Each structure stands twice: as C-alpha cells, then as structure tokens.
Amino acid sequence: MIEAMRLAEEAGAAGEVPIGAVIADRDGTIIGRGRNRREEGDPLGHAEIFAIREAAAHVGDWRLSETTMVVTLEPCAMCAGAIVNARIDRLIFGAFDPKAGFCGSLGNLVQDARLNHRVELTSGFQEERSRELLQTFFRNLRRS
C-alpha cells in the first residue's frame, strides 16, 4: 500500500484524482504500477488499468494468476471487470467508493458467483489514509 499511496500522491500532484495501484507477484515483488491519468485525455486512464497492463507485459501473458492488486480506492465496475478478466487472485483496497465502487459498495463484481473467476477481497485496508488523501485533493480543488 505504501507504493500505491506514493503513486496516488503523484497523480494528485499532476492534477489527477489521487488513486494509485500496484500488482505484486506471489513473492511480493511489484510487477505492475499505475496511477490515474484520465485528465491526460484517456477515458480509460484508471490506475488499475495501467497496473494490469504493466503486469501483463512483465509476465508476458494476460493471465495474472497468483498476483495481488493493491489500490487506494475501491475499483469501479470497469476496473473490477478488468481485475476479473486478468485473473488476479487477490484485491486489497483502501477507501470505499459509495458512488462508483463495484467491489462491495454498489455491487461486488469481483466475487460474483456467476462469473468464471472470483477474487479474494480485503477492503478498508489503510482506509482512513486513503480517504484523507482524496478528501484533501477535492477540498483543494474546490478552493481553486
């Protein structure tokens, strides 16, 4: 989560919503990193998508079995679907997203029994720190 938070802070400094994500292999080595980049003109520029792409390039396969994603904010439906499709085994996220989160808040795509892959889920890890980073970003944005 330390690296995901660093990436989130980097995103915030660049004017992006401060969200960061990392993917680690079974040994705990980070093989994928991402931060939000939507304001650069990419509607799919979510931290999770960049982390998945980098991890897939690292392993040379779209299947990311035996990996864990750590992200500062609960993934949206698009990212939750990408996590399932990439066959990531475990997801750990910080703050809940009651307006767009799809790993417990509005639904739970990553554990839907109708899908061919389900993800082990740990929610609320470092939640206060993650939420604080987002709240500070939006508070400063409103003041500008």
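**Close-ups of a predicted model**

Lining of the largest pocket: its residues split into 11 nonpolar, three polar and nine charged (Ala, Val, Leu, Ile, Met, Phe, Trp, Tyr, Cys and Pro count as nonpolar, Asp, Glu, Lys and Arg as charged, and the others, Gly among them, as polar). This is a predicted model, where local features need pLDDT of at least 70 and side-chain atom pairs count only at pLDDT 80 or more, while totals for chains, interfaces and linings use all residues. Residues are numbered from 1 along each chain as its sequence is written, and side-chain values use heavy atoms, with hydrogens and water left out.

**View 1. Inside the largest pocket.** The space here comes to about 590 Å³. Of the 23 lining residues, Val17, Leu73, Asp97, Leu134 and Phe138 sit closest to the centre. Helix H4 (residues 127-143) gives the largest share of the lining, five residues. A pocket is an open set of points on a 1 Å grid over the protein atoms alone where a 1.4 Å probe fits, with protein on both sides within 12 Å along at least five of seven lines; lining residues have an atom within 4 Å of a point. The volume is the space filled by probe spheres set on the points. Helices are DSSP runs (H or I, at least four residues) and so are strands (E, at least two), numbered from the N terminus.

**View 2. H2 against H3.** The axes of helix H2 (residues 47-59) and helix H3 (residues 77-85) come within 9 Å and cross at roughly 20 degrees, which means H2 runs roughly parallel to H3 (angles under 35 degrees; axes are lines fitted to C-alpha atoms over the stretch in contact, and angles run from 0 to 180 degrees between N-to-C directions). Glu48, Ile49 and Ile52 of H2 meet Met78, Cys79, Ala82 and Ile83 of H3, with contact meaning heavy atoms within 4.5 Å. By class, that makes six nonpolar, no polar and one charged residues.

**View 3. H1 alongside H4.** Helix H1 (residues 2-13) and H4 pack at about 5 degrees, axes 11 Å apart, so H1 is roughly parallel to H4. Met5, Ala8, Glu9 and Gly12 of H1 touch Arg129, Ser130, Leu133 and Phe137 of H4.

**View 4. Around Thr68.** Thr68 belongs to strand S3 (residues 68-73). Its C-alpha atom lies 6.6 Å from that of Asp25, 43 residues away along the chain.

Technical notes
Angles under 35 degrees count as roughly parallel, over 145 as roughly antiparallel, 65 to 115 as roughly perpendicular and the rest as oblique.
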